[in-house]
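The following note collects comments on the model under review. The points are arranged by interface and are intended to be read beside the coordinates.

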Amino acid sequence: MTLTIGKFTPFNTVIHRLDARVKLIGLIIFLVATFLSYGTGYMNLVINGGILVIVIILSIISKTSFLKLFKSLKAMWMMIVLLLILNIFLPSSSTGDFFFIGEVKIYYRTIINVSFILLRLIIVLAETNIFTSTTKPMDMTYALEWLFSPLKVLKVPIHKFSMTISLALRFIPTLAEESERIMKAQASRGVDYRQGKLKDKVKAIISLIIPLFISSLTTSSELTDAMEARGYNPDSKRSRYKLQKWSLRDTFGIIFLAVLLTAIIILAIYRFDLFTYLGVSLPKL
Amino acid sequence: MSIIIEHLYHTYDEGLPTQQIALQDINCIFDDHCFTALIGQTGSGKSTLIQHLNGLLIPTSGKIDINSYLIDISLIYKEKKGQQVVDYKAMKKKRKAKLKDIKSLRKKVGIVFQFPEYQLFEDTVIKDVSYGPKNFGLSETEVLENSKKALDLVGIDSSYYERTPFELSGGEKRRVAIAGIIAMKPDILVLDEPTVGLDASGEEKLLTLIQKIHADGTSIILATHDMDVVLKYCERAIVLDRGKIVKESSPLELFQDREFLKHSSLEPPKVFSFALKLKDAGLNINLSNVKDVSSLAQEIKRARG
């Protein structure tokens, strides 16, 4: 069981060296831009297409595999089918031209809607993939802590949250290692995790989950002891071992993001229509 | 049942920055009914090699023949501009292909991993031990018989059968987990540092148990870095260092090879060093009889008449 999507890969590219805070803000802006509505369907298509191009360029720069995403999409075909079925019966898309498959009335609009959702899904996956595979988990928590720091005024225990998140992230590889070890041990006892009847599969999963639970409970209590033994106090002020340095690169990143944000907000508010502007008339979408 | 390994290479994370060559050009034979020690420090590739023996890992290239069950990832060549080059794509495809009838292989080769107690999961001891044999499709009565025999062998009596494995002591848990592998009746039993974390008496008991299983006709492969164990129990020793086999001989030969020991990080057993010194000093000691303290004492007694 290897997690190919979203795992940190230690290359040394420009995106990898970018400050985690810049990357986090960037991710949020890109996500917002992907889901905003820009008036007509054609404009949505154009802007989402533009975002897709940027994302592809970014993933080439950061050496994250864009094509691998489609492999993970293959595993989501159930969701795609569900989306299609839901949309067929939703009243919101029951307008315009239609055709029949057997007894079921299917609107062209439905097909368009579903493909839009899929396009956005791919873009969102690609964006998050770039963020998680270029940012070390520890830097990620640091960025999150920084982003939430205004809430300190409201007496929200930001530090405790970020400690919890960073510990959880820290133990993902450990847990993955552990589960691989247990899977190998059980495979040696004749368990087949890939094939077999449903009942066998459930049993196979149980043979993995129970030992995993037991070992993580043991690990967590040991960790608590170790932290307390070294005088950890959640309420005291803490300093940082590694300081992030703000560089020129990050400034450029922020400027680029600011321009992008302004552009999408203007486009979304004023509903600028490129095609009317160019005088091209298209069929309604 | 023997295992023949030819030109085995294994690389982790091939093509990634984290790439690591774990095994390089391993050629060896594990003989039938032999008690073989696999010696090496942490990171020498012991565990990686072991996982190849029942198909948990597939070699990056190389060939393993486990009693005519063949895992063959030999180099494949193709023509390119009139030259013979290695066809990595075809090899990768072959590596990813599903192994046929892998269960029959896993039944033949039983592996006890480090800290095997982590594999326990059933609610009673007897159920956990019979999980393995049941998976390999033995009949209900056979499963129960095998499991009881295995538990008996490791010294867990019938009062334990209905207890949950999680409330046992560390040593008992480990013995139950090992019984779970023995109950599968493998022809080859592989153990990866089985004595780590046990106290002296538990270690002694476990090794005696392994020797008993060996005497019953099972081949044993024991990964260890404890030279006393190698001297006392093993018939053959294979020494791994940084992914390569650096020595393959009997323990007696290994511990007498001063030149080799000087350059490696191995420390011969104290008993053996002492015996060697006695021999150098002129005492007529038969080194092949020296296994532990008591056998050395007897040898000294014999030599002095």
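**Comments on the predicted model**

1. Within chain B, 10 residues of domain 1 are in contact with 11 residues of domain 2. This is a predicted model, and the remarks below should be read accordingly.

2. The division behind that count assigns residues 3-268 of chain B to domain 1 and residues 269-305 to domain 2. The C-alpha centres of these two domains of chain B lie 33 Å apart. Between them, the domains bury about 1000 Å², with 62% of this on carbon and sulfur atoms.

3. As to charged pairs, the rule finds two salt bridges across the interface of domain 1 and domain 2 of chain B. In one salt bridge B:Lys232 is paired with B:Asp292, and the closest N and O atoms are 3.3 Å apart.

4. On the side of domain 1 of chain B that touches domain 2 of chain B, helix H8 (227-233) and helix H9 (251-256) of chain B each supply at least two residues. H8(B) gives the most to that side, with four residues. By class, that side of domain 1 has five nonpolar, one polar and four charged residues.

5. The interface between the chains involves 26 residues of chain B in contact with 22 residues of chain A. The area buried between chain B and chain A is about 2100 Å², and carbon and sulfur atoms give 62% of it. On the chain B side, B:Tyr118, B:Phe121 and B:Tyr131 lose the most area to chain A, together 29% of what that side buries.

6. Two salt bridges are found by the rule across the interface of chain B and chain A. A:Lys203 and B:Glu122 meet through their side chains in a salt bridge, at 3.0 Å from N to O. Seven residue pairs in polar contact, both at pLDDT 80 or more, are counted between chain B and chain A.

7. Which helices of chain B each supply at least two residues of the side that touches chain A? They are helix H3 (102-108), helix H4 (125-135) and helix H6 (170-182). H4(B) gives the most to this side, with four residues. The classes on this side of chain B are 14 nonpolar, seven polar and five charged residues.

8. Regarding confidence, chain A averages a pLDDT of 84, and 95% of the residues score at least 70. Among the elements of chain A, helix H2 (residues 20-35) has the highest mean pLDDT (93) and helix H4 (residues 68-74) the lowest (71). Where pLDDT is low, predicted coordinates should not be read in detail.

Technical notes. Residues are numbered from 1 along each chain as its sequence is written. Chains are lettered from A and ligands numbered from 1 in the order in which they are written. Side-chain values use heavy atoms; hydrogens and water are left out. Domain bounds come from an automatic or database domain assignment. Contact means heavy atoms within 4.5 Å. Buried area is the accessible area (1.4 Å probe) that two parts lose on being put together, summed over both. A salt bridge is a side-chain nitrogen of Lys or Arg within 4 Å of a carboxyl oxygen of Asp or Glu. Ala, Val, Leu, Ile, Met, Phe, Trp, Tyr, Cys and Pro count as nonpolar, Asp, Glu, Lys and Arg as charged, and the others, Gly among them, as polar. pLDDT is the predictor's confidence in each residue, from 0 to 100. A polar contact is a pair of N or O atoms within 3.5 Å; within protein, one must be able to donate a hydrogen and the other to accept it, and residues adjacent in sequence count only if both atoms are side-chain atoms.
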